[in-house]
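Hello,

Here is the structure for you to look over. My notes on what I found follow below it.

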Amino acid sequence: MDELRPPTLLALPSYLAGHVARIGRRELAGALEKRGLRLPHFAVLAGLSDFGPLAQHALADRLGLNRSHLVGYLDELERRDLVGRERDPDDRRRQRVTLTEAGKALTGELKREAGRSQDVLLAELSAKERETLISLLRRVVVADDRAQAGTE
C-alpha cells in the first residue's frame with residue numbers, strides 16, 4: 001500500500017495543499033533557521049525586495065500579517081541592519097520601511113535558498129508539472145485576494 005493517509009482526506013484539495021505547504025515550510029524554515037531567521041522575516045525581506053519601500057501598514061496588508069506582529073519582525077530585522085524605517089515623505093504620520101544594502105544582499109541569498117528548498121519539495125514533479133502546479137495555486141490565491149478585497 002502506497003498511501004498511509006485516509007483516502008477521504010487525500011481526495012480533499014485543501015488537505016493536500018495544506019500538507020504540501022507544511023512540507024515546504026519545513027524545508028524553507030530549516031534553511032532560514034541556519035541564519036537565525038524565520039518565515040515571517042523572509043516574507044518581509046522578499047516583500048520589500050519585490051515591491052520596494054512601503055508604508056509599514058501597506059507591507060503588513062500585502063503580506064497578510066497582523067500589523068502589531070509586523071512591528072516585532074521589523075524590530076528584529078532593523079537590529080540586524082537589514083531594514084530601515086523612516087517617516088513617509090508623503091504622510092509624516094506613517095513609517096516607511098526599506099531594505100538596507102545588507103538586507104538586499106541577504107535577500108538575494110535567501111531567494112536562492114528558497115529556490116533550492118522548493119526544488120527539494122517538488123523533486124517528484126517534472127518541470128512542466130511544477131509550472132502547472134504553481135499556475136493553478138497562484139490562480140486560487142489571486143482569486144481569494146480579489147474576493148477578500150471585494151473586487152470580484
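A contact here means heavy atoms within 4.5 Å. By that rule, residues 24 or more positions apart account for 45% of the contacts in the chain with a separation of 6 or more.

Some ground rules before the details. This is a predicted model, so local features need pLDDT of at least 70 and side-chain atom pairs count only at pLDDT 80 or more, while totals for chains, interfaces and linings use all residues. Residues are numbered from 1 along each chain as its sequence is written, and side-chain values use heavy atoms, with hydrogens and water left out.

**Overall layout**

The chain has 7 helices and 3 strands. Both kinds of element are DSSP runs numbered from the N terminus: helices are H or I with at least four residues, strands are E with at least two. From the N terminus on, the order is α-α-α-β-α-α-β-β-α-α. The C-alpha trace spans about 60 × 40 × 25 Å along its principal axes. The chain has 152 residues, and 27% of them count as buried. Buried means under 20% relative accessible area, exposed means over 50%, and partly exposed lies in between (1.4 Å probe, protein chains only).

The 3 strands form an open sheet in the order 1-3-2, with antiparallel pairing. Strand 1 (54-55) and strand 2 are at the edges with a single partner strand each, so one side of each has no neighbour in the sheet. Two strands pair if DSSP finds at least two bridges between them. Strand 2 and strand 3 pair in the antiparallel sense over 6 bridges. A hairpin of 2 residues joins strand 2 to strand 3. Asp 88 has Asp 91, in strand 3, as its bridge partner.

Leu 54 belongs to strand 1. Its relative accessibility is 12%, so Leu 54 counts as buried. What does Leu 54 contact, leaving aside its neighbours within four places in sequence? The list is Leu 48, Leu 59, Arg 62, Gln 95, Arg 96 and Val 97. Leu 54 and Thr 98 are 44 residues apart in sequence, and their C-alpha atoms are 7.0 Å apart.

**Helix 5**

Helix 5 (residues 67-79) has 13 residues. It reaches 19 Å from first C-alpha to last, close to the 18 Å expected at 1.5 Å a residue. The expected span is 1.5 Å times one less than the number of residues. Leu 70, Tyr 73, Leu 74 and Leu 77 are buried in helix 5. Seen down the axis, the buried residues of helix 5 fall within an arc of 100 degrees, so they line one face. The arc is that of the directions from the helix axis to the C-beta atoms. An α-helix has 3.6 residues a turn, so residues three or four places apart point the same way.

The buried residues of helix 5 pack against helix 3 (39-51), helix 4 (56-63), strand 2 (83-88) and strand 3 (91-99). The face turned away from the buried side carries the exposed residues Ser 68 and Arg 79.

**Asp 81**

Asp 81 lies in the loop between helix 5 and strand 2. Its phi is near 60 degrees, a positive value in a residue other than glycine. Asp 81 is partly exposed, at 47% relative accessible area.

**Helix 6**

Helix 6 (residues 101-121) has 21 residues and reaches 30 Å from first C-alpha to last, close to the 30 Å expected. Its buried residues are Gly 103, Leu 106, Thr 107, Leu 110, Ala 114 and Ser 117. They cover an arc of only 105 degrees around the axis, which puts them on the same side of helix 6. Helix 2 (13-33), helix 3 and strand 3 are included in what covers them. Glu 101 and Arg 112 are exposed on the other side of helix 6.

**Helix 7**

Val 142 is in helix 7 (residues 127-149). Val 142 is partly exposed, with a relative accessible area of 32%.

Best wishes
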